[in-house]
There are 2 protein chains.
Amino acid sequence: MYTFEELQDLVRERMAKQNFIDVPEKLFEPIDYILEDGGKRLRPTLLLMATNLYKDDIEKSIIPAIGVEIFHNYTLLHDDVMDDADIRRGRPTVHKKWDKNVAILSGDAAAITAYMYLVTCEDKYLRSAISTFNNVAMDVCKGQQYDMEFETRMDVTVEEYVHMIYLKTAALIAGSLKLGAAFGDASEKEQDMLYDFGKYLGIAFQLQDDHLDAYGDVKTFGKKIGGDIISNKKTFLLISAMKLAKGEQKERLLAQINATDFNEEDKIKTVTEIYNELGIEKLVKEEIVKYIDKSIEILNDINVSEDRKVILLEMVTILKDRIY
Amino acid sequence: MYTFEELQDLVRERMAKQNFIDVPEKLFEPIDYILEDGGKRLRPTLLLMATNLYKDDIEKSIIPAIGVEIFHNYTLLHDDVMDDADIRRGRPTVHKKWDKNVAILSGDAAAITAYMYLVTCEDKYLRSAISTFNNVAMDVCKGQQYDMEFETRMDVTVEEYVHMIYLKTAALIAGSLKLGAAFGDASEKEQDMLYDFGKYLGIAFQLQDDHLDAYGDVKTFGKKIGGDIISNKKTFLLISAMKLAKGEQKERLLAQINATDFNEEDKIKTVTEIYNELGIEKLVKEEIVKYIDKSIEILNDINVSEDRKVILLEMVTILKDRIY
C-alpha cells in the first residue's frame with residue numbers, strides 16, 4: 001500500500017518526465033506551463049489510491065491519472081479566460097502571459113492531450129473509462145456554466161449551490177476515484193461507491209475552500225483571504241447569510257454587495273462581522289462535516305479489508321479534524 | 001450503394017432528430033445553434049461513403065459520423081472567437097449572438113459531445129477510432145496555431161502553407177474517411193489509403209476555396225469575393241504572388257498589403273490584376289489538379305470493385321471538372 005504522499009510524489013515524478021512540447025511550440029508551451037507549476041495533484045493521486053485499494057500494482061493507472069490532471073488544468077485554463085483571472089497558483093494566467101487566443105487554443109489542445117493520456121488504459125477498461133471521463137468532463141462544463149449564471153443571480157439556493165460545486169469540482173474528483181477503482185478491477189457497484197465517496201469529499205473540499213476564504217490563515221490558505229467576499233462570489237457563506245439576514249442586517253449586507261466604490265479591507269471586515277453575527281462559520285463547518293461523514297459512511301461499506309482502506313480514511317479524517 | 005446526396009440527406013435527417021439540448025440550457029443552446037444551420041455535412045457524408053465502400057449496412061456509422069460533424073463545428077466556433085469573425089454561413093457567430101465566454105464554454109461542451117457520439121461505435125472499433133480521432137483533433141489545433149502564426153509572417157512558403165491546410169482542414173476530412181473505412185472493416189492498409197485520399201482531397205478543397213476567393217462567382221461561392229485579399233490572408237495565391245513578383249510589381253503588391261486606409265473594391269481589383277499578370281490562377285489550378293490526381297491515384301489502388309468506387313470517383317471528377 002502506498003501513502004497519499006507517496007502516490008502524490010509518484011504523480012509528480014512521472015509528470016516531470018512527460019514531454020508535453022511538440023510543434024508548433026507556441027501551441028504546447030502553455031500546456032507545459034500550466035502543468036509545471038505544482039498544484040496538489042489531488043485528482044491523479046486519488047485515482048491511484050482507488051486502484052491501490054484493490055491492487056498492489058498501480059503502474060498502469062499512472063498515465064491515465066496524468067490525463068485526468070491535464071484535463072483539470074485545461075478547465076482551470078479556460079475558466080481563467082472566462083473569469084479574466086490574472087493569477088493562478090502565484091503565476092500569471094496563460095491569457096495574461098500570452099493572450100486570449102493562445103489560452104483558448106492551447107486549452108483545446110490540452111483537452112485532447114488529456115484524452116490521449118486517458119486512452120492508454122488497457123482495452124478491457126477503455127469503454128467504461130472513456131464513458132466515465134466524457135460524463136465528468138461534461139459535468140465540469142455544466143458546473144462552470146451554472147457558476148457563471150450565479151454571478152448575476154441573487155436568489156441562488158444552498159441546494160443549487162451544492163449541485164453546482166458537485167458538477168464543477170466534485171464530479172472530476174468522483175470520476176477520478178471511479179476510474180481508479182475500474183483500473184483496480186473493482187465491481188461496478190464498488191466503482192459507483194467510490195464515485196459517491198469522491199462526490200461527497202469533493203463537495204466538502206469546496207465548502208472548506210469557501211470557509212477558508214473568510215476564516216482561513218493566509219499562510220496556509222495560499223490565496224488572499226476575502227477574495228470571494230470582495231467579488232460577491234455566491235459561496236455557501238454568502239448564500240446562507242443572504243437567507244438568514246433580516247431587517248437592518250440584510251440592508252448592511254446588501255449595501256456591501258451593491259457598493260461599487262469600496263475599501264477592500266473594510267468590505268471584508270464588515271461582511272465577516274455579519275457572517276459572525278449570523279453564525280455562518282458554524283453552519284459551514286456543520287455542512288462540511290455532513291459531507292465528510294457521508295463519504296466516510298460509503299468508505300465503511302466498501303468491501304475491501306480495513307487495512308487497505310486506512311489510507312483513504314486517514315485522509316478524510318485529517319480533513320475533518322481540521323474543521324474544528 | 002448510396003449516392004453522395006443520399007448520404008448527405010441521411011446525415012441531415014439524423015442530425016435533425018438529435019436532441020442537443022440539456023440543462024443548463026444556456027450551455028447547450030449555442031451547440032444546437034451551430035448544428036442547425038445547414039452546412040454541407042461533408043465530413044460525416046465522406047465517413048459514410050467510406051463505410052459504404054466496404055459494406056451495404058452503414059447504420060452503425062451514422063452516430064459516430066455526426067460526432068465528426070459536431071467536432072468540425074466546434075472547431076469553427078472556437079476559430080470564430082479567435083478570428084473575431086462576425087458571420088458564419090450567413091448568421092451571427094456564437095460570440096456575437098451571445099458572448100465570448102458562452103462561445104468558449106459551449107465550444108468545450110461541443111467537443112465533449114463529439115467524443116460522446118464517436119464512442120458509440122462498436123467495441124471492436126473503439127480504440128482505433130478514438131486514436132484516429134484524437135490525432136486529427138490535435139492536427140486541427142496545430143493547423144489553427146500555424147494559421148494564426150502565418151498572419152504576422154511575410155515569409156510563409158507554399159510548402160508550409162500546404163502543411164498548414166493539411167492540418168487545419170484536410171486532416172479531419174482524411175480522418176473521417178479513415179474512420180468510415182475502419183467501421184467498414186477495411187484493412188489497416190486500406191484505412192490509411194483512404195486517409196491519404198482524404199488528405200489530398202482536403203488540400204484540393206482548400207486550394208479551390210483560395211482560388212474561388214479571387215476568381216469565384218459570388219452567386220455560387222456563398223461568400224464575398226476578395227475576403228482573403230482584403231485581410232491579406234496568406235493563401236496559396238498571395239504566397240505565390242509574393243514569391244513571383246519582382247521590382248515594381250512587388251512594390252505595388254506590398255503597397256496594397258501594407259495599406260491601412262484603402263477602398264476594398266480597389267484593393268481587390270489591384271491585387272487580382274497582379275495575380276493575373278503573374279499567372280497565379282493557372283498556378284493554383286495546376287496545384288489543385290495535382291492534389292486531385294494524387295487522390296484519384298490512391299482511389300484506383302483501393303482493392304474494392306470498381307462499381308463501389310464509382311461514387312467517390314464521381315465526386316472527385318466533378319471537383320476536377322469545375323477547375324477548368
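Modeller: In this predicted model, the secondary structure of chain A amounts to 16 helices and two strands.

Colleague: What makes chain A as compact as a globular protein of its length?

Modeller: The globule rule gives 20 Å for 324 residues, and the radius of gyration of chain A is 20 Å, close to that value, so chain A is as compact as a globular protein of that length. Its C-alpha trace spans about 60 × 50 × 30 Å along the principal axes. Of the 324 residues, 46% count as buried, the criterion being 20 or more other C-beta atoms within 10 Å of a residue's own.

Colleague: Why is H2(A) called roughly perpendicular to H6(A)?

Modeller: The two helices pack at an angle of about 75°, and angles of 65 to 115 degrees count as roughly perpendicular; therefore H2(A) is roughly perpendicular to H6(A). Their axes are 9 Å apart. H2(A) contributes Leu27(A), Phe28(A), Pro30(A) and Ile31(A) to the contact, while the residues from H6(A) include Val102(A), Leu105(A) and Thr113(A). By class, the residues of this contact are nine nonpolar, two polar and no charged.

Colleague: How many residues of chain A are in contact with chain B, and which helix supplies the largest share of that side?

Modeller: There are 31 residues of chain A in contact with 31 residues of chain B. H7(A) supplies the largest share of this side of chain A, 15 residues. Helices H2, H4, H6 and H7 of chain A each provide at least two residues. The side of chain A that touches chain B comprises 19 nonpolar, six polar and six charged residues.

Note on methods: Residues are numbered from 1 along each chain as its sequence is written. Chains are lettered from A and ligands numbered from 1 in the order in which they are written. This is a predicted model: local features need pLDDT of at least 70, side-chain atom pairs count only at pLDDT 80 or more; totals for chains, interfaces and linings use all residues. Helices (H or I, at least four residues) and strands (E, at least two) are DSSP runs, numbered from the N terminus. The radius of gyration is taken over C-alpha atoms; the globule rule is 2.2 Å times the number of residues to the power 0.38. A residue is buried if 20 or more other C-beta atoms lie within 10 Å of its own, exposed if 12 or fewer, and partly exposed in between; C-beta atoms are placed from the backbone. Two residues are in contact if their C-beta atoms, placed from the backbone, lie within 7 Å. Ala, Val, Leu, Ile, Met, Phe, Trp, Tyr, Cys and Pro count as nonpolar, Asp, Glu, Lys and Arg as charged, and the others, Gly among them, as polar. Axes are lines fitted to C-alpha atoms, for helices over the stretch in contact, and angles run from 0 to 180 degrees between N-to-C directions. Angles under 35 degrees count as roughly parallel, over 145 as roughly antiparallel, 65 to 115 as roughly perpendicular and the rest as oblique.
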